[in-house]
Amino acid sequence: MMQREITEKALLLDGEGRIAQPGWARRMNYVYNRESARSTPINLKEWNFYQFLRDHWAVQLTIGHLSYACNAAVTLLNLDTGEKREEGRLKLFRVLPLDRNPEGASVNEYRDRNFLLRFEVTEAVRRLTFRGRSARWGEAEVRVEAENDPVNEKMVIATPFAKPRQFYLNYKENYYRASGFARFGDLAVSLDGASGLLDWGRGIWPYRHEWWWGSLSAVVDGAELGLNIGWGFGDLSHATENVFFYRRNAYKLGTLQLKMEGGYLDPWRLTEEDGRLELAFTPLYDNYTERKLAVVDTHCHQVYGLFSGWAETDRGRAAFRGLPGFIEHAVNRW
């Protein structure tokens with residue numbers, strides 16, 4: 001299939017609010033001009049989502065808004081037992097001034113009574129800080145520092161929809177090396193040596209939508225290795241969301257064929273159309289979540305497990321076995 005790569009800086013939206021150049025990029029070559037969006041303001045959705053994995057623990061941190069509501073949330077999840085400790089805030093009719101460029105220096109923050117979540121990005125580091133207190137967990141705190149290397153190649157995609165004024169701009173970066181800790185009450189987890197990812201999204205899209213998204217971030221024999229896969233969301237005829245990362249370089253992939261042997265917790269297999277990627281995914285835990293609030297109705301199977309397989313690179317075939325990651329399937333109305 002065609003993979004239209006954007007290699008120079010370009011405005012995301014034209015004067016009519018349509019994506020000017022649908023496609024993908026290795027860096028943030030799209031200039032996010034949100035003032036050019038031509039739709040009802042409450043339809044605009046923006047978020048910054050970080051996740052870090054170490055051993056059998058996952059830590060997730062989110063700041064985002066749907067224009068008619070904002071959300072800030074922190075989760076500590078045990079991938080062996082399913083134990084989950086989390087704190088979050090959802091506020092109607094509150095909009096957060098989020099950054100326009102995930103690669104530039106910025107500060108995104110949500111502050112409320114007994115709750116502070118702050119993402120600070122500098123040229124060298126990403127500092128993520130959470131402090132909170134609740135009746136259930138008592139004091140809670142998360143501190144993460146992840147190296148920020150602008151040279152890393154990313155997965156950036158501008159995806160149109162059937163309606164011309166709907167769009168999705170997505171930036172994903174894998175294999176952050178991180179240090180820090182997460183503490184919820186009497187439970188404390190070290191994040192030293194954790195690997196992480198950023199999912200940065202901006203857009204206006206259909207109220208009813210569905211997607212599949214998978215991700216892997218690891219360091220193997222001193223080499224950064226990552227994977228981003230996705231389908232089902234918008235018009236992907238200009239480029240796929242599928243990228244294999246190796247030694248900080250991005251290798252673009254075509255469409256994937258998925259075979260599931262049964263339900264979400266049964267084995268999965270994925271094959272790239274041109275034979276450049278073969279994956280086996282062994283599920284361990286389904287972090288199923290749902291939320292119903294007014295016009296919001298979300299359902300997501302975020303399945304954590306182990307990836308094994310190989311991908312072709314310009315250095316030859318990169319093989320790996322038993323690396324932790326996830327594949328999620330979401331069906332939403334919001």
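This is a predicted model: local features need pLDDT of at least 70, side-chain atom pairs count only at pLDDT 80 or more; totals for chains, interfaces and linings use all residues.
1. Setting of Asn 242. This residue is located in the loop between β17 and β18. Asn 242 has a relative accessible area of 2% and is therefore buried, the cut-off for that class being under 20%. Beyond its neighbours within four places in sequence, Asn 242 is in contact with Asn 228, Ile 229 and Gly 230, and also with Tyr 251, Lys 252, Leu 253, Gly 254, Thr 255 and Leu 256.

2. Strand β17 comprises residues 223-231 and strand β18 residues 243-246; the two run antiparallel and are joined by 4 bridges. Within this pairing, Gly 226 stands opposite Phe 245 in β18.

3. The sheet. Strands β17 and β18 belong to an open sheet of 9 strands, with antiparallel pairing and the order β19-β18-β17-β16-β24-β23-β22-β21-β20. The edges are formed by β19 (249-252) and β20 (256-260); each has a single partner strand, so one side of each lacks a neighbour in the sheet. On average, neighbouring strands of this sheet are turned by 25 degrees against each other, direction ignored.

4. Met 155. This residue lies in strand β12, which covers residues 155-160. Met 155 is buried because its relative accessible area is 0%, against a cut-off of under 20%. Leaving aside neighbours within four places in sequence, the contacts of Met 155 are Ala 25, Asn 170, Tyr 171, Lys 172, Asn 228, Glu 241, Val 243 and Phe 245.

5. A separation along the chain. Met 155 and Arg 126 are 29 residues apart along the chain, and their C-alpha atoms are separated by 18 Å.

6. Cysteines and disulfides. How many disulfides does the structure hold? The number is 0. Cys 70 is buried, with a relative accessible area of 0%. Cys 300 has a relative accessibility of 13% and therefore also counts as buried, since the class extends to values under 20%.

Conventions
Residues are numbered from 1 along each chain as its sequence is written. Side-chain values use heavy atoms; hydrogens and water are left out. Buried means under 20% relative accessible area, exposed over 50%, partly exposed in between (1.4 Å probe, protein chains only). Contact means heavy atoms within 4.5 Å. A disulfide is a pair of cysteine sulfur atoms within 2.5 Å. Two strands pair if DSSP finds at least two bridges between them. Axes are lines fitted to C-alpha atoms, for helices over the stretch in contact, and angles run from 0 to 180 degrees between N-to-C directions.
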